[in-house]
Amino acid sequence: MLLIQNGRVVDPVTGTDEIMDVLIDGSMICKTGKGLSAPGAEVIDASGLVVAPGLMDAHVHFRDPGFTYKEDIETGARAAAKGGFTTVVCMANTKPAVDNLETLEYVQKKGEATGIHVLQAAAVTKGLKGKELTDMEALADAGAPGFTDDGIPLMDEKLLLEAMEKAKELGLPLSLHEEDPLLIESPGVHQGDVSKQLSYGGAPRVSEDIMVARDCMLALHTGARVCIQHISSAHSVELVRMAKAMGADIHAEATPHHFTLTDEAVLKYGTNARMNPPVRTETDRQAIIRGLKDGTIDMIVTDHAPHSAEEKARPLSEAPSGITGLETSLGLGLLSLVEPGYLTLQKLMELMSRNPAEFYRMIPGSIAEDAPADLIIFSETERWRVEQFASKASNSPFSGWELPGRVYYTICAGKIVYKA
């Protein structure tokens, strides 16, 4: 048994925000309340710390199979646990892609040995080529929680319509990467003053906006549950807001880098600030924050995208896009959203725990009796320095930053999977 005493329990499911004890027996929470005792139990004194449901990241790249020099399922899971995550959803753009049962089962089996819940989304199209749908029904039956070709936009509207209809029939969501490559001169950097300064073509907002507008209307038409991935444009936020008001089952996710940085970061951090879609202007950043505040954007995800140091050392035009994000996500949420007063801690936990689970039609984690013992214990205010990543990769513009939100414990299925 494990007894957590005197923690500030912040639970977005029950609305709890008070000091109490939590008693864990095996893999489940068996009791909550004040002044609990359990002879023989391991005791964690959480005085001054927050106890919250384990975080869920609905958008990670663990690079396994095929690119394990960047990351693998074991190291990705360690990075997740260090960041406070007890559940992650891996994207399908591995090699081979997760477009078949064998690869799906490979990830599931390796994920079971990590100590956290590793879910694997399946590809929408075979080989991520955008030409032919996968056997979505078979993949769903094998445990895929949803479908995505993340990293590659689906350009064929008729095929996407068919995918949405099938996903709706299966009761599973579809997540979409929204960038029209025909409108992008050079990927990874916002097309604006910074790209001009660098003589780098850039990716304009319209490359995202046009895709988001199309897919919001397709979602409205089909009734499918659809997520706009890593939203970056102020116009796209407004399009999602409008589609929600029209009744579409449309959702959106935002990353910490998109609500923390602007395109000026490329001048300071170089390729470690190159990502698809790019970080944009302060106007876009503020629009994302407003979207998080009013529920237009439902989820905070990391888009954890590890790359080797050698790859990121290439020139801006040749380096891969993306940053590692699992270990800095909570801290950046506190720094950029809670400390300035944009969000309450309760709302941040909703965006990082409850809402991602509900998007995938899962029962969200809660600090309540008879709930699974998946939780995080952290200091809301204590600063820590970003260094010594548990991930194989360290491609982050936030290296060296001092962030709040030091994670002390991550507990999954009643077991301590990370301890500071």
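## Close-up views of a predicted model

**View 1. Strand E6 is enclosed.** In this predicted model, 6 of the 6 residues of strand E6 (residues 55–60) are buried, so E6 is largely enclosed by the rest of the structure. Buried means under 20% relative accessible area, exposed means over 50%, and partly exposed lies in between (1.4 Å probe, protein chains only). Helices (H or I, at least four residues) and strands (E, at least two) are DSSP runs, numbered from the N terminus. E6 pairs with strand E7 (residues 85–90) in the parallel sense, over 4 bridges. Two strands pair if DSSP finds at least two bridges between them. Leu55 has Phe85 in E7 as its bridge partner. From E6 the chain crosses through helix H1 (residues 73–83) to E7, and this β-α-β crossover is right-handed. Right-handed means that, with the strands pointing away from the viewer, the path from the first strand over the helix to the second runs clockwise.

Residues are numbered from 1 along each chain as its sequence is written, and side-chain values use heavy atoms, with hydrogens and water left out. Because the model is predicted, local features need pLDDT of at least 70 and side-chain atom pairs count only at pLDDT 80 or more, while totals for chains, interfaces and linings use all residues.

**View 2. E6, E7 and E8 form an open sheet.** This sheet has 3 strands in the order E6-E7-E8, with parallel pairing. E6 and strand E8 (117–120) stand at the edges. Each has a single partner strand, so one side of each is left without a neighbour in the sheet. From one strand to the next, the twist averages 15°. Angles run from 0 to 180 degrees between N-to-C directions, and axes are lines fitted to C-alpha atoms, for helices over the stretch in contact.

View 3. Thr87 has its place in strand E7. Is Thr87 buried or exposed? Its relative accessibility is 8%, so Thr87 counts as buried. Leaving aside neighbours within four places in sequence, Thr87 is in contact with Leu55, Met56, Asp57, His117, Leu119 and Met362. Contact means heavy atoms within 4.5 Å.

**View 4. A parallel sheet of 5 strands.** The order in this open sheet is E9-E10-E11-E12-E13, and the pairing is parallel. Strand E9 (147–148) and strand E13 (299–300) are at the edges with a single partner strand each, so one side of each is left without a neighbour in the sheet. Strand E10 (residues 174–176) and strand E11 (residues 226–228) are parallel partners over 3 bridges. Ser175 has Cys227 in E11 as its bridge partner. Helix H7 (residues 234–246) packs on the sheet. H7 touches E11 and strand E12 (250–254), and its direction makes about 150° with that of E12.

**View 5. Strand E14 is covered on both faces.** In E14 (residues 375–378), Leu375 and Ile377 on one side are buried, as are Ile376 and Phe378 on the other. Strand E5 (residues 50–53) runs antiparallel to E14, joined by 4 bridges. Val51 stands opposite Ile377. E14 also pairs with strand E17 (residues 407–412), antiparallel and over 4 bridges. Here Leu375 stands opposite Ile411.

**View 6. Two cis peptide bonds.** Where do they lie? One joins Lys95 and Pro96, with omega about 0°. Pro96 lies in the loop between E7 and helix H2 (101–112). Another runs from Asn276 to Pro277, with omega near -10°. Pro277 lies in the loop between helix H9 (265–269) and helix H10 (282–294).

View 7. Asn6 is not a glycine, yet its phi is near 65°. Asn6 lies in strand E1 (residues 2–11). Asn6 counts as partly exposed, at 36% relative accessibility. Asp303 is not a glycine either, and its phi is about 50°. Asp303 is found in the loop between E13 and helix H11 (309–312). At 9% relative accessibility, Asp303 counts as buried.
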